[in-house]
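Please look over the two-chain model below before the notes that follow. The points start with the interface and end with confidence.

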Amino acid sequence: MASTGHAETAKNAAAQHGADVAHHSDKVIDPLHQFEIWSILDIQIGGFDVSFTNSALWMVIAAVVAFGIMKLGMRNADLVPGRMQNVAEMLYGIVANMIRDNVGDEGKKYFPIIFALFLFLLFGNVLGMIPYSFTFTSHLAVTFFMAAVIFIVVTIIGIVRHGTHFLRLFFPEGAPAWTAVILVPIELVSYLSRPVSLSVRLFANMMVGHILLKVLGGFAVLMGAAGILPLTLLVGITALEFLVAALQAYVFTILTCIYLHDAIHLH
Amino acid sequence: MSGAAVGLRIAIEIMAAVAAGVGIGFALDDWLGTKPWMLILFCILGFGAALVNVMRTARELERKRLEAKQKAAQANRD
């Protein structure tokens, strides 16, 4: 999923990376350094830079870990689940319940894609908490691409199921007909703002949390003996960040379910 | 959900709607060559959409709060 938007950033980051190396030898707080993208393997296809970057590497790791945990958990499935099987069944249960509660029975056939989405985001966020790793969900290019694909697919599902009747979504029932002049454009803009809010929510939460951790960590180093204060705070914030990592993956998935529900049932 | 989380959610909801409006306005201006009228129009529509979004979010949060309250009351009675 290393998009071409990434490639541009990758090139700039690679150039900056070299210039910044001298900087990092002494104590300088650079909370944004962790978001730098650099190319691991340069690939050019038809004039496009599709290099394999650190972002792409961590996407692959997240996908492999997600696949591995599910595979390991289900390897010898027992009636009384073991430790790994418990984890796998719990993850399955979370998404199955979410779809049943928010989409209904029609949502069952979309389970595989939503489950994959949830696992990918969950492990992307959680693996990003490992020191020196990279959080690909802290880049708007990644989250907006995912949100845009979800938005387009959900809209297509709605149009295929309801045809022109799908346009009722943009006009509240019972309102006088002449108000359509104002209401329809507003509803349209509101509908088109969905992928923006969906992607910005995930990206902002992850980015803010990681910057906060780095800034507090920098304080702990620079303040000497008094650094014990930000250090204690850091322990609490780290715990909070794990919560945010899991919660934001959940929120992204649940909103996908709600959009799917709107497309299938039209409110 | 904590107060800060609700605040961030509402703020993003407003930002997203206005950003979508401005984006559409810019694109239409570019396409139709009507600079700056579409931008102005869709800015206003974006603010309208932001209000709609915030109202929907608030209503949903309120519904969730009531549901949680009802559940707690049920648990107390049992």
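1. Interface. In this predicted model, 16 residues of chain B are in contact with eleven residues of chain A. Contact here means that the C-beta atoms of two residues, placed from the backbone, lie within 7 Å. On the chain B side, the elements giving two or more residues are helix 1 (3-32) and helix 2 (37-77) of chain B. Helix 1 of chain B gives the most, with nine residues. By class, the chain B side has eleven nonpolar, four polar and one charged. Nonpolar covers Ala, Val, Leu, Ile, Met, Phe, Trp, Tyr, Cys and Pro; charged covers Asp, Glu, Lys and Arg; the others, Gly among them, are polar.

2. Conventions. Residues are numbered from 1 along each chain as its sequence is written, and chains are lettered from A and ligands numbered from 1 in the order in which they are written. Local features need pLDDT of at least 70 and side-chain atom pairs count only at pLDDT 80 or more, while totals for chains, interfaces and linings use all residues.

3. Fold of chain A. Chain A has eight helices and four strands. These are DSSP runs numbered from the N terminus: H or I of at least four residues for helices, E of at least two for strands. Along the sequence the pattern reads α-β-β-β-β-α-α-α-α-α-α-α. Among contacts in chain A between residues at least 6 apart in sequence, 66% join residues at least 24 apart. Of its 267 residues, 28% count as buried (20 or more other C-beta atoms within 10 Å of a residue's own, C-beta atoms being placed from the backbone).

4. Helix packing. How do helix 2 (residues 54-73) and helix 4 (residues 111-127) of chain A pack? Their angle is about 115°, and their axes are 9 Å apart. Axes are lines fitted to C-alpha atoms over the stretch in contact, and angles run from 0 to 180 degrees between N-to-C directions. Helix 2 of chain A brings Trp58(A), Ile61(A), Ala62(A), Ala63(A), Val65(A) and Ala66(A). Helix 4 of chain A brings Leu119(A), Phe120(A), Phe123(A), Gly124(A) and Leu127(A). The tally is ten nonpolar, one polar and no charged residues.

5. Core. The largest nonpolar core has 55 residues. Such a core is a set of buried Ala, Val, Leu, Ile, Met, Phe, Trp, Tyr and Cys residues joined through C-beta atoms within 7 Å. Phe118(A), Leu119(A), Val189(A), Ala17(B) and Ala49(B) touch the most other members. Leaving aside neighbours within four places in sequence, Leu119(A) is in contact with Ala66(A) and Leu91(A).

6. Backbone checks. Most residues other than glycine have a negative phi, and most peptide bonds are trans. The bond from Lys35(B) to Pro36(B) is cis, with omega near 0°. Pro36(B) is in the loop between helix 1 and helix 2 of chain B. Tyr132(A) has a positive phi, near 70°. Tyr132(A) is in the loop between helix 4 and helix 5 (140-162) of chain A. Tyr132(A) counts as exposed because it has 5 C-beta neighbours inside 10 Å, the cut-off for exposed being 12 or fewer.

7. Confidence. The model scores ipTM 0.87 and pTM 0.83. Chain B averages a pLDDT (the predictor's confidence in each residue, from 0 to 100) of 90. For chain A the mean is 86, and 89% of its residues reach 70 or more. Within chain A, confidence is lowest in helix 1 (residues 4-20), at a mean of 50, and highest in helix 4, at 95. Over residues 17-25 of chain A the pLDDT is below 50. Where pLDDT is low, the predicted coordinates should not be read in detail.
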